[in-house]
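Trainee: Please pick one part of this model and take me through it closely, with the cut-offs behind each term.

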Amino acid sequence: MTETFSRQPSVMITGGAGYIGSHLALLLQNHGYRLVIIDNLSTGNAWAVPEEASLIVADILDTATLVTAMKEHRIQTVIHFAAKSNVPESFAKPDDFFETNVNGTKSVIDACATAGVKQLLFSSTAAVYGNATHGLVDEGAPLQPISPYGQSKLEAEQIIQKTCSLQEIRHVTFRFFNVVGAHPSGVIGQYNPTSCHLLQKCFNCVREGGELTVFGHDFQTPDGTAERDYIHVQDLASLHLQAMKYLDGGGESLLLNAGYGSSHSVLEFIKVFQHVTNSVFPYHFASRREGDPASLIADVTRLGQVLEWSPEHTSLEQMIGSSWLWENSLKRKELG
Ligand SMILES: NC(=O)c1ccc[n+]([C@@H]2O[C@H](COP(=O)([O-])OP(=O)(O)OC[C@H]3O[C@@H](n4cnc5c(N)ncnc54)[C@H](O)[C@@H]3O)[C@@H](O)[C@H]2O)c1
């Protein structure tokens, strides 16, 4: 799997033992980057970190440890993924979400400023838009998060906008839409037993023989179920590589949606899932969940104008198929 590239600069990934972070870490390692992963392993896993990367088990609130690691490894770019992101949990524990997502982001920026790191990529979320019901949402749409998770990410974005310009840190902030899929080799994929994402719930039904609950069938969408813009984790990783090259080339700070600009409803997702995995499981409808908008689709016009990125895994079949490969891998079975 390793490709040959000239040795690249050092990159720090906070949350690099998590789902998205570990996929990006593998991609960057294969492109010759030296990697330092900061992760407290609260939802991440040490086994997901690529062999050649240095894993430092630490909390992002520990600014001093971040500074030491940034200086020691001569970090050129920090990619800040570490966060709490389970939406239902954010209603139960809003303070914990603000501590990690807002104060944690402040800590990462303070560390960058102290250690002289001038490039930052930040993972925000489409949840900052809240209940946008007009189909495509561009970056200038009203920001009305309807969950403490979305609110905490919005505050983190605002801190980045303000503090990074004062500190002359150039950044690319991405608002991720719904991330799914796994590495095509089957060596890594999402492993978070507490995940509330639709794909994980479908897998649980296959594994445990349960019934799927579809929240909401009275949304203003063609089949009444919620529509989402799903993006493959491998395409999201390659998007980060492009954004880093953009900053390396002296590019100015950007705020961009990260999606494909197309959507699938929950019912469509279930249909493709059952086809790809050759499985059948029952589902029933329940009332809408607090904080779930009807439709969230990225307007990717700005993204297409500023970054050279060609996504390669855009079909639901590819997204679900790669996850199915991971679910059936030896590693995944070992984890239980
Ligand atoms: N998965 C999605 O669909 C999605 C959508 C929008 C935005 N995002 C954002 O992408 C980022 C990565 O999400 P993910 O899906 O990979 O989640 P994840 O839970 O798999 O990864 C988060 C990682 O951060 C680590 N972490 C959490 N708190 C920490 C702390 N205080 N100090 C150090 N490490 C800490 C966890 O252990 C984990 O490894 C998050 O910022 C999330 O908000 C994800």
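Mentor: Helices (H or I, at least four residues) and strands (E, at least two) are DSSP runs, numbered from the N terminus. On that basis Val137 belongs to strand S6 (residues 136–137). The model is predicted, so local features need pLDDT of at least 70 and side-chain atom pairs count only at pLDDT 80 or more, while totals for chains, interfaces and linings use all residues. Residues are numbered from 1 along each chain as its sequence is written, and side-chain values use heavy atoms, with hydrogens and water left out.

Val137 is buried, at 3% relative accessibility; buried means under 20% relative accessible area, exposed over 50%, and partly exposed in between (1.4 Å probe, protein chains only). From Val137 to Ser295 the C-alpha distance is 9.5 Å, although 158 residues separate the two in sequence.

The part to look at closely is the ligand site. The ligand is surrounded by 28 residues, and the closest are Asp39, Thr43, Phe81, Tyr149 and Lys153. A residue is near a molecule or strand if one of its heavy atoms lies within 4 Å of it.

Polar contacts come next: such a contact is a pair of N or O atoms within 3.5 Å; within protein, one must be able to donate a hydrogen and the other to accept it, and residues adjacent in sequence count only if both atoms are side-chain atoms. Lys153 places a polar side-chain atom 2.7 Å from an oxygen atom of the ligand. The backbone takes part too: a polar backbone atom of Ser42 is 3.0 Å from a ligand oxygen, and a backbone N or O atom of Val179 is 3.1 Å from a ligand oxygen. The ligand taken alone exposes 830 Å², of which the protein buries 95%; accessible areas come from the Shrake-Rupley method with a 1.4 Å probe, and for residues only the protein chains shown count as cover. H1, S5 and H5 are the elements that give two or more residues to the shell around the ligand. S5 has the largest share, three residues.

Take helix H5 (residues 148–166) from that list. The expected span is 1.5 Å times one less than the number of residues. Tyr149 and Lys153, both among the closest residues to the ligand, are also among the buried residues of H5, together with others including Pro148, Gly150, Ser152 and Cys164. Cover for the buried residues of H5 includes helix H3 (87–92), helix H4 (94–115), strand S5 (119–125), strand S7 (170–176) and strand S12 (254–258), where contact means heavy atoms within 4.5 Å. Just after H5, Glu168 has a positive phi of about 55°.

H1 is the other helix in the list. Its twelve residues reach 17 Å from first C-alpha to last, close to the 16 Å expected at 1.5 Å a residue. Twelve of the twelve residues of H1 are buried, including Tyr19, His23 and Asn30. These buried residues pack against strand S1 (10–14), S2, strand S4 (75–80), S7, S8 and helix H7 (233–248).

Beyond its end, His31 sits in the loop between helix H1 (19–30) and S2. His31 is buried at 16% relative accessibility, and its side chain comes to 3.0 Å from the backbone oxygen of Leu27. Gly32, which follows H1, has a positive phi near 90°.

Finally, the aromatic pairs, of which the structure holds ten. Rings of Phe, Tyr and Trp (its six-membered ring) pair if their centres lie within 6.5 Å; planes under 30 degrees apart count as stacked, over 60 as edge-to-face and the rest as tilted. Trp47 and Tyr191 make a tilted pair, 6.1 Å centre to centre with 55° between the planes. Trp47 lies in the loop between strand S2 (34–39) and strand S3 (54–57), and Tyr191 in the loop between strand S8 (178–180) and helix H6 (198–208), so the pair ties together parts 144 residues apart in sequence. Trp47 is partly exposed at 27% relative accessible area, whereas Tyr191 is buried at 18%.
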